[in-house]
Amino acid sequence: MQVNDAYAPQTPIEGVMHAFTRIGRRLKAKQPGDTIDHSAHVVLFALRCNGALRLSDLAARLELDASTASRHVRSLEQLGLVRRSPDPDDGRAFRVELTEQGIEQWEASARHRMELLSAAMEGWSEEDVQTFERLMTRFADGVTANTEAPSSAAWADKGWAAVAPRLQPSTPAERSTDTTDSTADGDPASRENTDKNLESTR
C-alpha cells in the first residue's frame, strides 16, 4: 500500500504516526550512496554489537525465523561481509561473524544515515535539535515501556550507545574540505575503544 504524503492527519497522534510512517519507509529504502540495504544493515549491526553468534542466536536477536536469518547470512557471506567459523563449544555447529569488510560496510552505511538525518535538520537551531532529541528519547522510552519485547532485544540500545561515537557525521563544511575519513579507514585506536565498549554490553 502506498502512503500518501499529502494526507492531512486529523489529530496530533495521527500526525505522529503519519510522520513515523514517512520517515520509516525512507530510512529503510536504499538511498543513493548506500552500499547495503536495510535488512543487511540490521544483520551486520547485530553481529557488530554481539560478536560471533550461532545462527539460532542471531535469529533470536533479530526476531526472525531461522530460515530468514540463514538467507540473510548466505547473501552477506557471498558479499564477503560475514564468515562462518567453527563453534568452539560444539564441533557440529558454526558461528557467524563479521569480516573486516563487513565492519567497514556497516559503519559506512550507519554514517550515511546519520548524515541524512543531519541534513534533514539543516538550519535548525541548537536548541531545536536538543529539544527534538529530548522529546524523541522520551517518546522512545514510552513506546518501550508499553510494548512487549524479548529479553534478547536489550542488546540493541546498549550496542548502539557503544558504536555511535565512531559514526558522528562531519558537517557539510568539513565534508567539502576533507575527503578522507579516519573512521571509514578503520582507525585502529578508535576501533579498539569501540570494541572495548561493545565487550561491556554483552
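Contact here means heavy atoms within 4.5 Å. The model shown in these views is predicted.

View 1. Leaving aside residues up to four places away in sequence, His41 touches Ile36, Trp106, Ser109 and Ala110.

**View 2. Glu63 in the loop between helices H3 and H4.** Glu63 has a phi near 60°, a positive value in a residue other than glycine. Most residues other than glycine have a negative phi. With 54% relative accessibility, which is over 50%, Glu63 is classed as exposed.

**View 3. Helix H4 and the elements it packs against.** Helix H4 has 13 residues, and at 1.5 Å a residue these should span 18 Å. The end C-alpha atoms of H4 are 18 Å apart, in agreement with that value. Buried residues of H4 are Thr68, Ala69, Ser70, His72, Val73 and Leu76. The buried residues of this helix pack against helix H2 (38–50), H3, strand E2 (82–87) and strand E3 (90–98). Just after H4, Gly80 has a positive phi of about 80°.

**View 4. Confidence along the chain, with residues 171–186.** The chain has a mean pLDDT of 79, and 70% of its residues reach 70 or more. Over residues 171–186 the pLDDT is below 50. In the model, this stretch has 12 contacts beyond near neighbours in sequence. Where pLDDT is low, the predicted coordinates should not be read in detail.

Note on methods: Residues numbered from 1 in each chain as written. Predicted model: local features only at pLDDT ≥ 70, side-chain atom pairs only at ≥ 80, totals over all residues. Heavy atoms only, no water. Helix = DSSP H or I, 4+ residues; strand = E, 2+ residues; numbered from the N terminus. Buried < 20%, exposed > 50% of the residue type's maximum accessible area, 1.4 Å probe, protein only. Expected span 1.5 Å × (residues − 1). pLDDT = per-residue confidence, 0-100.
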